[in-house]
Amino acid sequence: MRLPVTALLLVLLGVWLHAPLFHGGLLGASGTDVYRAVWGFDHQARGLPLPFWTDRVGFPAGEKLVILPFFSSLLGAPLHLIFGAWTGYNLWMLSLLALSGIATAWWVEEVSKSPSAGLMAGVAMVVQPSVLLALTDGTPEHVAFWALPACLCALWITSRSPLRRWPIIAGGFATIVA
C-alpha cells in the first residue's frame with residue numbers, strides 16, 4: 001500500500017493551493033457563511049466538554065445547539081485550542097480537505113489495487129469545484145465527508161478479511177458520517 005506517498009502528495013497539493021492563508025488570511029470569501037463557520041468551530045471548542053449547550057445564543061438562558069459537522073469539528077477542537085479561532089479554522093478546513101482526499105485515495109486504491117488510480121481519485125476529490133466552493137463559501141459540512149470513503153473502504157476490507165477490527169473501524173467511521 002502506497003498510501004503514505006499519496007497522503008503526502010495530497011497534503012502538499014492542498015498547502016500549495018492555499019499558501020496565501022498562512023499570512024493571516026481567513027479561508028473563505030467575505031459576505032459568505034465563513035464567519036458562521038468560524039463561530040461554530042469556536043463554539044464547539046469552547047463548549048467542551050458539553051458542546052451541545054451555549055449561552056452565546058438565547059442569552060441569558062442559553063440554547064441547545066449542534067454545529068455541523070459535529071464529529072469533525074470536535075476532532076478539530078485541539079487546533080482551535082492551540083492556534084486560536086482563525087488559524088485553527090484554516091488548519092481544520094485544510095485538514096478536512098486532506099482527509100477527504102486521503103480517504104478517497106485509500107478506498108479507490110484498496111478496491112482497484114492501483115496506487116495510480118487511488119492518487120487520481122484523491123486529487124480529483126481535493127480539486128473538484130463543489131469542494132472548493134464549499135471552502136470559499138464557509139460550509140465545512142460539505143468538506144467534512146472524509147469518513148464516508150473511509151467507512152466504505154473499511155466495509156470493503158471487512159468483506160474480505162477475517163479480522164474483527166475492521167467491522168469496528170467501519171462502525172466508528174459510520175458514526176462519524178452520521
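Reader: What does the accessible surface of the protein chain come to?
Author: About 9600 Å². Carbon and sulfur atoms hold 71% of that surface. Keep in mind that this is a predicted model.

Reader: And how much of the chain is buried?
Author: Buried residues are 40% of the 178 in the protein chain.

Reader: How many helices and strands are there?
Author: The protein chain has 9 helices and 2 strands.

Reader: In what order do the elements run?
Author: Starting at the N terminus, the order is α-α-β-β-α-α-α-α-α-α-α.

Reader: Back to the inside. Which residues touch the most other members of the largest nonpolar core?
Author: Y89, M93, L96, L97, W106, V143 and F173 do. That core has 33 residues.

Reader: Which elements give two or more residues to this core?
Author: They are α2, α5, α7, α8 (147-158) and α9 (165-177). The most comes from α5, which gives 10 residues.

Reader: Why would such residues gather inside?
Author: In soluble globular proteins, nonpolar side chains tend to be buried together.

Reader: Tell me about α2. How many residues does it have?
Author: Helix α2 has 13 residues, 34-46. From first C-alpha to last, α2 reaches 18 Å, close to the 18 Å expected.

Reader: Which α2 residues are buried?
Author: V34, A37, V38, G40, F41, D42, H43, Q44 and A45.

Reader: What covers them?
Author: The cover includes β1 (53-54), α3 (70-75), α4 (77-83), α5 (85-112) and α7 (129-137).

Reader: New topic, contacts. What share joins residues 24 or more positions apart?
Author: Such pairs account for 64% of the contacts with a separation of 6 or more.

Methods: Residues numbered from 1 in each chain as written. Predicted model: local features only at pLDDT ≥ 70, side-chain atom pairs only at ≥ 80, totals over all residues. Heavy atoms only, no water. Helix = DSSP H or I, 4+ residues; strand = E, 2+ residues; numbered from the N terminus. Expected span 1.5 Å × (residues − 1). Buried < 20%, exposed > 50% of the residue type's maximum accessible area, 1.4 Å probe, protein only. Contact = heavy atoms within 4.5 Å. Areas by Shrake-Rupley, 256 points an atom, 1.4 Å probe, with all protein chains shown as cover. Core = buried A, V, L, I, M, F, W, Y, C linked by side-chain atoms within 4.5 Å.
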